[in-house]
Amino acid sequence: MESQKEARTLQEPVERPPGASRSQTPKDKERQEGSAVPAAAALGAEGDDTSADGLWELPVEPAERRPECSRCSRPQKVCLCPFLPAHPLPISTHLYIIQHPAEENKVLRTVPLLAACLPQDKCKVKIGRRFSEERDPELSTVCRKSGTLILYPGAEAANLEEFILDSPVYPSTIIIIDGTWSQAKDIFYKNSLFRHPKQVQLKTSISSQYVIRMQPTNRCLSTLECAAVALSILEKNNYIQETLLRPLQALCSFQLQHGAQIRLSKEHLLKNGLYPKPMPKNKRKLRKMELLMNSVKI
């Protein structure tokens, strides 16, 4: 009954055809009522299309970024400056961060926190994927110096702690690549400049405290953590590591209190049958997964 009332209501505005008789049979009336519904629907659809077309002409306003702290680069409402050292740490080692462009705009990046703890003349961040002597003469000169190291866990990498004991020239500069593991690998192998410095790696048993971002293995560290461990070794000062890790711990604690979850490593999830995604069909990626499950270094 309700559908028939709706049909009659929709049919009322429709004009009667010329010459049509006022007296109609029930079948004629049903036909006329039935034909009125699609006509009204068509009018409504046409109106919707017109209004939708108008939406495309509206100007798009860019999203406003929250005001950021000039020191820690965090939004002012969640500034982490109280967890930074009152003054930049006095270090003698020069640190170069080679940052993949994709890392520059990530919200929970650690490099700004690292740079905020160190003197500006001791910590330099260079953003890009390709570097050469022509594009960056300064970096080229640094890479060719005998006292420069690059932190990259390749096959030829030496243990940093052991290397500084036997090295005739004490290292004065260390280069760290900031990005995902695949991004770091791409930057290292496609820039011949980074083959000049001595490769070193960290042999440490500490687990990453950057628990709000998934790592490939339990032994992987964030860029800030790598710098903290490396600088404490080169400067022979454990206080450096403690100081640099403090803002990272505060960042993770704040995020966890406001809805973030602890992200276990991919290695842990695979070993315990908790990995949520299907195994890749690509043979190379599948092989990497198998190595992670067997705790083989990749």
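Select helix H6 to begin: its buried residues pack against E1, E3, E5 and strand E6 (198-201). Contact here means heavy atoms within 4.5 Å. Helices (H or I, at least four residues) and strands (E, at least two) are DSSP runs, numbered from the N terminus. The model is predicted, so local features need pLDDT of at least 70 and side-chain atom pairs count only at pLDDT 80 or more, while totals for chains, interfaces and linings use all residues. Residues are numbered from 1 along each chain as its sequence is written, and side-chain values use heavy atoms, with hydrogens and water left out.

**Helix H6**

Stay on H6, residues 181-189, and pick out Gln183, Ala184, Ile187 and Phe188, which are its buried residues. Buried means under 20% relative accessible area, exposed over 50%, and partly exposed in between (1.4 Å probe, protein chains only). Those residues lie on the same side of H6, because they cover an arc of only 130° around the axis. The arc is that of the directions from the helix axis to the C-beta atoms.

**The sheet**

Next, select the strands. Six of them form an open sheet with parallel pairing, in the order E2-E1-E5-E3-E6-E4. Two strands pair if DSSP finds at least two bridges between them. At the edges are strand E2 (123-127) and strand E4 (158-159); each has a single partner strand, so one side of each has no neighbour in the sheet. Now show E1 and E5, which run parallel and are joined by six bridges. Within this part of the sheet, His94 stands opposite Thr173 in E5.

**The cores**

Turn to the nonpolar residues. A nonpolar core is a set of buried Ala, Val, Leu, Ile, Met, Phe, Trp, Tyr and Cys residues joined through side-chain atoms within 4.5 Å. The largest one has 42 residues, and Leu95, Leu114, Leu118, Leu160, Leu202 and Leu244 have the most contacts inside it. Among the elements that each supply at least two residues of this core are strand E1 (94-99), helix H3 (111-117), helix H5 (160-166) and helix H8 (238-257). Which helix gives the most to this core? H7 does, with nine residues.

Centre the view on Leu114. Leaving aside neighbours within four places in sequence, Leu114 is in contact with Leu95, Ile97, Leu224, Ala227 and Leu244. A second, separate core has 15 residues, including Cys143, Ile150, Ile177 and Phe194.

**Ser140**

Select Ser140, which is placed in helix H4 (residues 137-144). Ser140 is buried, with a relative accessible area of 2%. Apart from neighbours within four places in sequence, Ser140 is in contact with Glu133 and Leu193.

Cys72 is in no disulfide either, and the nearest cysteine sulfur, that of Cys69, is 3.8 Å away. Cys69 is buried, with a relative accessible area of 15%, and Cys72 is buried at 2%.

**The whole chain**

Finally, zoom out. The protein chain has ten helices and six strands. Buried residues make up 38% of its 298 residues. Of the contacts with a separation of 6 or more, 72% are between residues 24 or more positions apart. The chain exposes about 18,800 Å², with carbon and sulfur atoms supplying 52% of it; accessible areas come from the Shrake-Rupley method with a 1.4 Å probe, and for residues only the protein chains shown count as cover.

Terms used:
A disulfide is a pair of cysteine sulfur atoms within 2.5 Å.
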